[in-house]
Amino acid sequence: MDMEEIVSSDQHRPITHLRVHYGSMSCKKTDGDTSSTQPTGISQRRSYIAVAVLCYINLLNYMDRYTIAGVLLSIQKYFLISDSTSGLLQTVFICSFMFLAPVFGYLGDRYDRKYIMIAGLIVWLVTTLGSSFAGREHFWVLVLTRALVGTGEASYSTIAPTIIGDLFTGTKRTLMISFFYIFIPVGSGLGYIMGATIASATGDWRWALRVNPALGALGLLLLVFLIPNPPRGAADGYTETTMENTSYIEDIKYLLKNRSFVWSSFGVTAMAFVTGALAFWTPTFLSRAQVTQGLREPCDVEPCDPSDSFIFGIITVVTGIVGVFLGSFISKMLRDRVSNADPLICAVGMLSSSPCFYIAVILASKSIPVTYTFIAIGETLLSLNWAILADILLYVVVPTRRATAEALQILICHLLGDAGSPYLIGLISDALHKYNPDSPSWEFRRLEYSVYICPFVGTLGGLFFLMTSLYIKEDRKAAEMLVSGQSTGQQTTSRVTAN
């Protein structure tokens, strides 16, 4: 990369212009410009409103993603499908989501991010509503529309965090990112609750899929009228950006050489595997556990009892809020004193949540309240990571490559994480079915044995975050030096010309 500094002076005072080239864009920074109170040129009030709108849409995204899991028992009975086929519903969604994320990441680093999100949200609204009209003989329609839902979500999830990153900086950025990511567990939990509540009230699981599009229409209007498109890197001191011919391959090479990004992406992948599998299967698993204990009759005809989805949803909402704010608070307290505090917090969260989930699985056939207790503790520990992970990516990657980094991380974590974990759990469960096909208790046991894989993957994720902690300080400083216009010696070469 080339870095050119041109220093000019007039009779009043010197003005320094710094032009920094890093692959996807050319950013121009003017140190003497103090005409705006916000480096972005966007008022603080409008920035806060933008974050609120982005949080609302993020809430709807995750509500929709886990509404299916909240009514899974009813869907299984309606379409007469197996565990592995049920898991396919989540897998096709995640697959379209992850493969399109790099496309939207590329576009998001180069074109108007607001228009891209608007187009994606329209696709999401249409396909989500369409999925609710799949007939009993047309399960493939439900599978296809759920895959297309991932198209809309890929555009939004890839780009929205980068807009927040360009509206704020420092501790304020961390706080705003925390608010944004807190709606992952909150939206997931509300998805279970909404799905269970509406399915019970209407007696038809399909109505549960029709509420989110109505709420999403409001989100679309808010997105059109209230969301700005801040200049990339503006919050970090850049007041003007211009597009230029770029190499996507160079962007990818830069990210693959960023060791903190690579190891944290592996950690996020393990986390996605665990959360994807448990989020999809926990209500069904607990329902079968209660059948095994004699607390409930097996469900033979839909609608099935959705109470486990409702309870699990409440737990997910509460633990998500507590975990995200607790993780952000600990990070804020330790960051100035411990340079690698963030990945260490993530490692502790993963390594300590895994035993909790393991104990919960073991005790499910003996005590449902104790099982819920350990699930709640495990989810709280896991939720420590949400906001911290996003902040790590923002401060170890230069502004003009953040959308690409978000997209690449999404691709990796879903490809090796939750794209396959729900289906894998269902596949193992179906493979074990043949050993005792006529036993109601075996319905629970085969799913129990399948879920045991999650705590072990979670432990592996903790080790990946420990590896991240070894490189975070160096990589963060390298990104800061690039943004400030200095050469890191490893990633840039500089040329200074004085006039």
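This is a predicted model: local features need pLDDT of at least 70, side-chain atom pairs count only at pLDDT 80 or more; totals for chains, interfaces and linings use all residues.
Residues are numbered from 1 along each chain as its sequence is written, and side-chain values use heavy atoms, with hydrogens and water left out.

**Overall make-up**

- The protein chain has 18 helices and five strands (DSSP runs numbered from the N terminus: H or I with at least four residues for helices, E with at least two for strands).
- Of its 499 residues, 58% count as buried (under 20% relative accessible area with a 1.4 Å probe, protein chains only; exposed is over 50% and partly exposed is in between).
- Take the contacts with a separation of 6 or more: 83% of them come from residues 24 or more positions apart (contact means heavy atoms within 4.5 Å).

**The largest nonpolar core**

- This core holds 132 residues, and Leu-54, Ile-75, Phe-79, Met-117 and Leu-142 touch the most other members (a nonpolar core is a set of buried Ala, Val, Leu, Ile, Met, Phe, Trp, Tyr and Cys residues joined through side-chain atoms within 4.5 Å).
- Helix 9 (residues 259-292) gives the most to the core, with 15 residues.
- Leaving aside residues up to four places away in sequence, Leu-142 touches Ile-75, Phe-79, Leu-89, Ser-131, Ala-134, Trp-205 and Leu-209.

- Seven of the eight residues of helix 2 are buried: Leu-72, Leu-73, Ser-74, Ile-75, Gln-76, Tyr-78 and Phe-79.
- Their cover includes helix 1 (44-70), helix 3, helix 5 (139-167) and helix 9.
- Leu-80 sits in the loop between helix 2 (72-79) and helix 3 (83-108), and counts as exposed because its relative accessibility is 74%.
- Most residues other than glycine have a negative phi.
- Leu-80 has a positive phi, near 55 degrees.

**Helix 15 against helix 16**

- The axes of helix 15 (residues 421-433) and helix 16 (residues 440-451) come within 8 Å and cross at roughly 135 degrees (axes are lines fitted to C-alpha atoms, for helices over the stretch in contact, and angles run from 0 to 180 degrees between N-to-C directions).
- That makes helix 15 oblique to helix 16 (under 35 degrees is roughly parallel, over 145 roughly antiparallel, 65 to 115 roughly perpendicular, and the rest oblique).
- Residues of helix 15 in the contact include Ile-425, Ile-428 and Leu-432, and those of helix 16 include Trp-442, Leu-447 and Tyr-449.
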